[in-house]
Amino acid sequence: MARLLLAPFIFAANVSGRHTLALVLFACAALTDGLDGLLARRCGQITPVGAYLDPIADKVLLSGVYLSLALAGSVPWWLVIVLFGRDLFLLASSGIALLFTGYRQFRPSVWGKTSTFAQIACAIAWMTQNTVDSPAVHALAVVLIWPTAAITVWSGLHYSWRGFRFVRAH
């Protein structure tokens, strides 16, 4: 819930040019995500609601961060289109799978997790680049754009391949 509550403040800070605030709030959101997962596993408090809300909170936060970074002129719009395109494609594919197969177990793949990691690293690099005046940080942020896009596309293709194999088998 903390990520969902912090998300609009992070977006507003990015768009309004308060980049340090956006980065600090994003770090707080990441910390709450890590603590939530750690406590849930350690205390055996993994719930269906938490399992459902966690990826939604992650997606809302990351999608909004990229949208706000693009609105602020930091990241290119084509990257936002790639990220949103993959997510919309997977959402539509999942809906079709639900409709025709009744399948409800959409587990993340290693490529999906890698894609999320790359997107987080790229977002942090860009938010840091907006906060500090460092050629090294700027170079890192620029370099991360293409691998992030490529891994995002690859993970979408991998999910499609997995889904196609499942539908064929059933």
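Let's start with helix 2, where the buried residues are H19, A22, L25, F26, A29, G37 and A40. Buried here means under 20% relative accessible area, with exposed being over 50% and partly exposed in between, using a 1.4 Å probe and protein chains only. Helices are DSSP runs of H or I with at least four residues, strands are runs of E with at least two, and both are numbered from the N terminus.

A quick word on what you're looking at. This is a predicted model, in which local features need pLDDT of at least 70 and side-chain atom pairs count only at pLDDT 80 or more, while totals for chains, interfaces and linings use all residues. Residues are numbered from 1 along each chain as its sequence is written, and side-chain values use heavy atoms, leaving out hydrogens and water.

Back to helix 2. It has 24 residues and reaches 34 Å from its first C-alpha to its last, close to the 34 Å expected at 1.5 Å a residue; that expected span is 1.5 Å times one less than the number of residues. After the helix comes G44, with a positive phi near 65°.

So what does helix 2 pack against? Helix 2 (residues 19-42) meets helix 5 (residues 110-131) at an angle of about 150°, with the axes 8 Å apart. Axes are lines fitted to C-alpha atoms, for helices over the stretch in contact, and angles run from 0 to 180 degrees between N-to-C directions. On the helix 2 side the contact uses H19, T20, A22, L23 and F26, and on the helix 5 side I120, I124, M127, T128, N130 and T131. Contact means heavy atoms within 4.5 Å.

Now helix 3, residues 48-71, which is the place of S68. Is S68 buried or exposed? S68 is buried, with a relative accessible area of 2%. Leaving aside neighbours within four places in sequence, S68 is in contact with F11, N14 and V15.

On to helix 4, residues 77-101: its 25 residues should span 36 Å at 1.5 Å a residue, and its end C-alpha atoms are 35 Å apart, which agrees. Its buried residues are L79, V80, L83, R86, D87, L90 and A97.

Finally, let's zoom out. The protein chain has six helices and zero strands. Its C-alpha atoms fill a box of roughly 55 × 40 × 25 Å, taken along the principal axes. Of the 170 residues, 31% are buried. Among contacts with a separation of 6 or more, 71% come from residues 24 or more positions apart.
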